[in-house]
Amino acid sequence: MSKEEINSKNSKKEQKESTESKEVKKHSQAKANEKKKSEPLESKLQHNLTQLQKEKDDLEDKYLRSQAEMQNMQNRYNNERAQLIKYESQSLAKDVLPAMDNLERALATKVDDEASKQLKKGVQMTLDSLVKAMKDHGISEITAEGEKFDPNLHQAVQTVEAENEDQKDHVVRVLQKGYLYKDRTLRPAMVVVAQ
């Protein structure tokens, strides 16, 4: 091989290396440019993903809240219905109480002759039947005389001076009986309270 052939071979080799080096540089530069372009794209995608996750969480929260609200409405409806059923006879009982009061007043009168005694006995039997029917339906008399005054059960109509410290804030006399219907005060007892 001659010198010229060797030089020509070396020259071709150098050109080839130079071309390869340029291609590697171009390729690495293209990768760098691609990387720079993909970074904003990744950032955008990450931002969109975060946004979508937030929207999903908001919708899930709204869904859970609406489910809870529906459950609360159902519970409230069931409670109101149960209360209506439980206290359905309350208005009838309130209407019967004045009749019972009148029968008790009739029994409080003194009688002398036999006919009046028989009439009084009939009134007593009527009152006993009413009292039994009321008890059967959950209506009971409020015990008041001698009890400590309770504004939920008693209505103070008058006050008198207490004879001793133990009698203070206690009911000394009942003017009109009070009644409970199950766990509700149907009519408070009208009482005289010692102060």
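View 1. Glu60 and Lys56 both sit in helix H1 (residues 3-86), four residues apart, which is about one turn of the helix. Helices here are DSSP runs of H or I with at least four residues, strands are runs of E with at least two, and both are numbered from the N terminus. This is a predicted model, in which local features need pLDDT of at least 70 and side-chain atom pairs count only at pLDDT 80 or more, while totals for chains, interfaces and linings use all residues. Residues are numbered from 1 along each chain as its sequence is written, and side-chain values use heavy atoms, with hydrogens and water left out.

Glu60 and Lys56 form a salt bridge, with their closest N and O atoms 3.5 Å apart. The term salt bridge stands for a side-chain nitrogen of Lys or Arg within 4 Å of a carboxyl oxygen of Asp or Glu. By this rule the count comes to eight salt bridges. Asp57 also forms a salt bridge with Lys56, and here the closest N and O atoms are 3.6 Å apart. Lys56, Asp57 and Glu60 are therefore linked in a network of salt bridges.

How accessible are these three residues? Relative accessibility is 43% for Lys56, 39% for Glu60 and 37% for Asp57. Each value counts as partly exposed, the class between buried (under 20% relative accessible area) and exposed (over 50%), using a 1.4 Å probe and protein chains only.

**View 2. Asp101 meets Arg187 across the chain.** In this close-up, Asp101 and Arg187 form a salt bridge whose closest N and O atoms are 2.7 Å apart. The pair links distant parts of the chain, 86 residues apart: Asp101 belongs to helix H2 (residues 90-108) and Arg187 to strand E5 (residues 184-187). Are the two partners buried or exposed? Both Asp101 and Arg187 are buried.

View 3. Two strands pair if DSSP finds at least two bridges between them. Three bridges join E4 and E5 in the antiparallel sense, and Tyr179 has Arg187 as its bridge partner in E5. Contact means heavy atoms within 4.5 Å.

**View 4. Tyr181 is buried in strand E4.** Take a look at Tyr181, which is found in strand E4 (residues 179-181). Tyr181 has a relative accessible area of 2%, so this residue is buried. Which residues does Tyr181 touch, not counting those up to four places away in sequence? They are Lys86, Tyr87, Glu88, Ser89, Gln90, His137, Gly138, Ile139 and Leu186. The C-alpha atoms of Tyr181 and Lys94 are separated by 9.7 Å, although these residues are 87 apart along the chain.

**View 5. Two nonpolar cores lie inside the model.** A nonpolar core is a set of buried Ala, Val, Leu, Ile, Met, Phe, Trp, Tyr and Cys residues joined through side-chain atoms within 4.5 Å. The largest one has 14 residues, and those with the most contacts inside it are Leu97, Met100, Met134, Ile139, Tyr179 and Leu186. H2, helix H3 (114-136) and E4 are the elements that give two or more residues to this core. The largest share, six residues, comes from H2. Leaving aside residues up to four places away in sequence, Ile139 touches Ala93, Met134, Tyr179, Leu180, Tyr181 and Leu186. A second, separate core of five residues includes Ala144, Val171, Ala189 and Val193.

**View 6. A second open sheet has mixed pairing.** Three strands make up this sheet in the order E2-E6-E3. Strand E2 (154-160) and strand E3 (171-176) stand at the edges with a single partner strand each, so one side of each is left without a neighbour in the sheet. The twist from one strand to the next averages 30 degrees. E2 and strand E6 (residues 189-194) run parallel and are joined by six bridges. Across this pairing, Ala156 stands opposite Val191 in E6.

How values were computed:
Axes are lines fitted to C-alpha atoms, for helices over the stretch in contact, and angles run from 0 to 180 degrees between N-to-C directions.
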